[in-house]
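Subject: Structure handover

Hi,

My notes on what turned up follow below it.

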Amino acid sequence: MTEPRPRVWVSQPLFDDIVGRLKAHFDVRATEDVTEYTPAQVADALRDADGALVTLNERIGADEIAGAARLRAIANVGVGYNNLDIGALTAAGIVATNTPDVLTETTADFGFALLMATARRITEAERWLREGQWRQWSFGTLLGADLHGSTLGILGMGRIGQGIARRASGFDMRVLYHNRSRLPEGIERETRATYAGFDDLLSQSDHLVLVLPYSPQAHHLIDAAALAKMKPTATLVNIARGGIVDELALVDALANGRLAAAGLDVYEGEPVVRPELLALRNVVLTPHIASGSLATRRAMVSLAVDNLIAALGEGDAAGHPPTPVNPEALGAAHAGNIIATKRQGA
Ligand code: 8YV
């Protein structure tokens with residue numbers, strides 16, 4: 001009798017031609033429609049799966065994998081993986097992978113676009129024009145803030161932060177950054193970025209861009225106290241995760257002239273956006289699309305597919321997924337059946 005093929009669950013419709021590559025190795029359970037799952041539905045979908053290809057919308061932790069005795073790998077389509085409880089997955093011998101590098105430049109492009117739109121009030125100006133408010137040309141219409149010659153603060157100086165810094169030096173901006181650890185001198189020189197303490201970054205930036213990974217320590221890092229340290233003329237751009245900013249404190253600062261403007265691609269309760277934010281004139285709001293060029297989204301799915309195939313011990317790179325998040329779980333994933341038996345409490 002032939003061994004049954006491993007089963008994989010693909011949580012959202014992605015690109016059929018790329019996801020189709022999984023079919024050479026696995027029985028694939030794909031999803032036709034964009035779906036919002038309850039935790040119980042995620043647990044159900046994982047129950048008989050050996051692997052899963054998921055997006056940031058699927059939260060997977062101890063509860064969701066409790067009944068998933070065969071599960072050995074989760075390939076996340078995205079560089080951020082705060083939707084996954086890595087501790088719980090590692091303890092269960094499940095490999096998690098993400099999609100770094102392939103989205104760096106596209107996401108940095110978007111961060112810069114959002115920064116420019118925010119500083120120069122581009123979406124606000126278009127709305128105003130479309131509303132028929134442009135009745136006569138006036139010298140003082142919709143005056144914004146310059147990028148050139150200003151100080152850009154970058155909070156989180158990983159690959160995307162560095163991409164934004166490189167773009168900023170082309171705009172003659174002075175670039176400050178704050179990061180968990182200071183970057184090697186060579187990278188500081190190449191990106192023309194200067195390390196600053198957190199408070200200095202807040203107080204000196206004319207424009208502040210958030211590009212740090214979300215973690216419990218980063219939750220509401222930009223709160224009322226942090227916002228109070230910023231210049232009232234400053235702008236804030238968030239392309240990281242919504243939870244880094246206390247949105248109510250942000251709304252208060254924007255509504256009361258303590259911050260000039262904000263550009264947000266991510267939200268605490270996305271896809272729900274607070275009505276208080278929607279009501280403000282001085283915010284640019286986009287629906288979590290920073291990595292969303294067609295080529296990059298395809299590259300992300302392709303890398304996730306490669307990761308899943310290799311993490312489940314198939315293909316040319318069997319056992320060596322290109323971008324694992326918890327490589328320490330790799331050995332365990334290979335001893336698949338042993339782990340499965342352990343997880344079932346046998
Ligand atoms: C993705 C992102 O679109 O990579 C990330 O961390 O936030 C976005 O680029 C998202 O993760 C899709 O799952």
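The shell around the ligand holds five nonpolar residues, four polar ones and no charged ones. Here Ala, Val, Leu, Ile, Met, Phe, Trp, Tyr, Cys and Pro count as nonpolar, Asp, Glu, Lys and Arg as charged, and the others, Gly among them, as polar. The shell members are Thr55, Leu56, Val77, Gly78, Val79, Gly80, Leu103, Ala290 and Ser291.

The model is predicted: local features need pLDDT of at least 70, side-chain atom pairs count only at pLDDT 80 or more, and totals for chains, interfaces and linings use all residues. Residues are numbered from 1 along each chain as its sequence is written.

Overall picture

The protein chain has 15 helices and twelve strands. These are DSSP runs, numbered from the N terminus (helices: H or I, at least four residues; strands: E, at least two). The C-alpha trace spans about 80 × 50 × 35 Å along its principal axes. Buried residues account for 42% of the 346. Buried means 20 or more other C-beta atoms within 10 Å of the residue's own, exposed means 12 or fewer, and partly exposed is in between; C-beta atoms are placed from the backbone.

From the record: UniProt, in an unreviewed entry, puts "domain: D-isomer specific 2-hydroxyacid dehydrogenase catalytic" at residues 12-316. Its positions are given in the numbering used here, feature names are shortened, and annotations may be inferred rather than shown by experiment. Over residues 12-316 the chain is 36% helix and 14% strand.

Strand 6 (residues 151-155) is largely enclosed by the rest of the structure, because four of its five residues are buried. Strand 6 pairs in parallel with strand 7 (residues 174-178) over five bridges. Pairing requires at least two DSSP bridges between the strands. In that pair, isoleucine 154 stands opposite tyrosine 177. Strand 6, helix 7 (residues 159-170) and strand 7 form a right-handed β-α-β unit. Right-handed means that, with the strands pointing away from the viewer, the path from the first strand over the helix to the second runs clockwise.

Strand 6 also pairs in parallel with strand 9, over four bridges. Leucine 152 faces histidine 207 there, and glycine 153 faces leucine 208. On its way to strand 10 (residues 235-238), strand 9 again has a parallel partner with four bridges. Histidine 207 stands opposite threonine 235 in strand 10. Strand 9, helix 10 (residues 224-229) and strand 10 make another right-handed β-α-β unit.

Which residues of strand 9 are buried on each side? His207 and Val209 are on one side, Leu208 and Leu210 on the other. In a regular strand, side chains alternate between the two faces of the sheet.

Backbone details

Glutamate 270 and proline 271 are joined by a cis peptide bond, with omega about 10 degrees. Proline 271 sits in the loop between strand 11 (261-264) and helix 12 (275-278). Aspartate 172, not a glycine, has a positive phi of about 55 degrees. Aspartate 172 is exposed, with 11 other C-beta atoms within 10 Å.

Best wishes

Notes
A residue is near a molecule or strand if its C-beta atom, placed from the backbone, lies within 6 Å of it.
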